[in-house]
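Student: I have a structure open and I'd like to learn how to read it feature by feature. Can we go through it together?

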There are 2 protein chains.
Amino acid sequence: MPSPGSREVTATTPSDLALRRGDLFDVECPTRELLDRIGSKWVAMIITVLARPTTPELRFAELERAMPGISHRMLSQELKRLTLDGLVHRRVEDSVPVKVFYRLTPLGMSLHGPISVLREWAEANMGAIDARRRSA
Amino acid sequence: MPSPGSREVTATTPSDLALRRGDLFDVECPTRELLDRIGSKWVAMIITVLARPTTPELRFAELERAMPGISHRMLSQELKRLTLDGLVHRRVEDSVPVKVFYRLTPLGMSLHGPISVLREWAEANMGAIDARRRSA
């Protein structure tokens, strides 16, 4: 576990799992709400964009442009949550006007693989599902 | 692509991808809505339960019991959508009273791997995220 004061949160190592692990089938477990969020299209897009080697750190407006269809309010909300959860790091540059940059923490980066797998599945099978819907 | 009349939908093979593939970053693409749904906690739980070798086919009430916290209405809605999308197969047994069974199609089964990867990440890192939230 990271110390409370650390700025970066790293992925949990196997030795930590025995201490505290989520359980999707436990009705009280926050893993349920977490899964709903990390499995959402907007989080998938934020993680995907910031995981690109060409855009490891972006300003708000740059991220907004990279995610067609997202509203200012929604992007702001999602970034705030991802920052609170330690998946995204927010860096404020002391300039006039102030510039704010976003990048993935190591924990956020560790989510890129799992999200890519799900996204790949969705993109690859969209055609089959669409055909199925039309035939229903 | 499966023929419109086929009862089972199989996962898209690589040769189909050139024909029609989703794109999460396309604002018009249904992949966005699909990803939101397959990344949700309830779909993750339905797929996980039905992918267990011990429970490949379940009745509605059995599924409901296996998913603590889900409402009758929500489970009914999710199963209807998953059936329409060709991920779940609904079998009606001609008995009195009529018995309805649900199982995964090959397409639904192909989603089990991707969902497991995301769920594993959420369960493994819930502790680190929870600690981060408490320290914020």
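Student: Let's start with Glu57(A). Is Glu57(A) buried, exposed or partly exposed?

Tutor: Keep in mind that this is a predicted model. Buried means under 20% relative accessible area and exposed means over 50%. Glu57(A) has a relative accessible area of 25%, so it is partly exposed.

Student: And which residue forms a salt bridge with Glu57(A)?

Tutor: For a salt bridge, you look for a side-chain nitrogen of Lys or Arg within 4 Å of a carboxyl oxygen of Asp or Glu. Here the partner is Arg103(A), with the closest N and O atoms 3.7 Å apart. This pair links distant parts of the chain: Glu57(A) belongs to strand S1 (residues 57–59) and Arg103(A) to strand S3 (residues 99–104), 46 residues apart. Arg103(A) also counts as partly exposed, at 25% relative accessibility.

Student: How many salt bridges are there over all chains?

Tutor: The search of the whole structure gives 24. One of them joins Arg134(B) and Asp130(B), at 2.8 Å from N to O. These two sit four residues apart in helix H7 of chain B, so about one helical turn separates them. Arg134(B) is exposed at 63% relative accessibility, whereas Asp130(B) is buried, with a relative accessible area of 9%. There is also a network in which salt bridges share partners, joining Arg21(A), Arg119(B), Glu120(B) and Glu123(B).

Student: What about a charged residue without a salt bridge? How far from Arg32(A) is the nearest side chain of opposite charge?

Tutor: Arg32(A), in helix H2 (residues 31–38) of chain A, is buried yet has no salt bridge. Asp26(A) is the nearest side chain of opposite charge, 6.6 Å away. Leaving out residues up to four places away in sequence, Arg32(A) touches residues of both chains, including Phe25(A), Asp26(A), Trp42(B) and Met45(B).

Student: Now helix H2 of chain B: how many of its eight residues are buried?

Tutor: Six, so this helix is mostly covered. The buried ones are Thr31(B), Arg32(B), Leu34(B), Leu35(B), Arg37(B) and Ile38(B). To see what covers them, look at both chains: the cover includes H3 (41–50) and H7 (112–135) of chain A, along with H3 (41–51), H5 (72–84) and H7 (112–135) of chain B.

Student: What rotation superposes chain A on chain B?

Tutor: Two copies of a chain are related by a rotation about an axis and a shift along it. In this case the rotation is 180° with 0.0 Å of shift, and the RMSD is 0.0 Å. That is the relation of a two-fold axis. In chain A, Gly39(A) has the C-alpha nearest the axis, 2.0 Å from it. Both copies use the same surface, as 100% of the contact residues of chain A recur in chain B.

Student: Last one, the rings. How many aromatic pairs are there over all chains?

Tutor: Zero, by the rule applied here. Arg52(B) has its charged end over the ring of Phe25(A), 5.1 Å from the centre. Arg91(A) does likewise with Phe101(A), its charged end sitting 4.5 Å from the ring centre.

How values were computed. Residues are numbered from 1 along each chain as its sequence is written. Chains are lettered from A and ligands numbered from 1 in the order in which they are written. This is a predicted model: local features need pLDDT of at least 70, side-chain atom pairs count only at pLDDT 80 or more; totals for chains, interfaces and linings use all residues. Side-chain values use heavy atoms; hydrogens and water are left out. Buried means under 20% relative accessible area, exposed over 50%, partly exposed in between (1.4 Å probe, protein chains only). Contact means heavy atoms within 4.5 Å. Lys and Arg count as positive and Asp and Glu as negative; His and the chain ends are not counted. Copies are superposed by least squares on the C-alpha atoms of residues with pLDDT of at least 70 in both. Rings of Phe, Tyr and Trp (its six-membered ring) pair if their centres lie within 6.5 Å; planes under 30 degrees apart count as stacked, over 60 as edge-to-face and the rest as tilted. A charge sits over a ring if NZ of Lys or CZ of Arg is within 6 Å of the ring centre and within 35 degrees of the ring normal.
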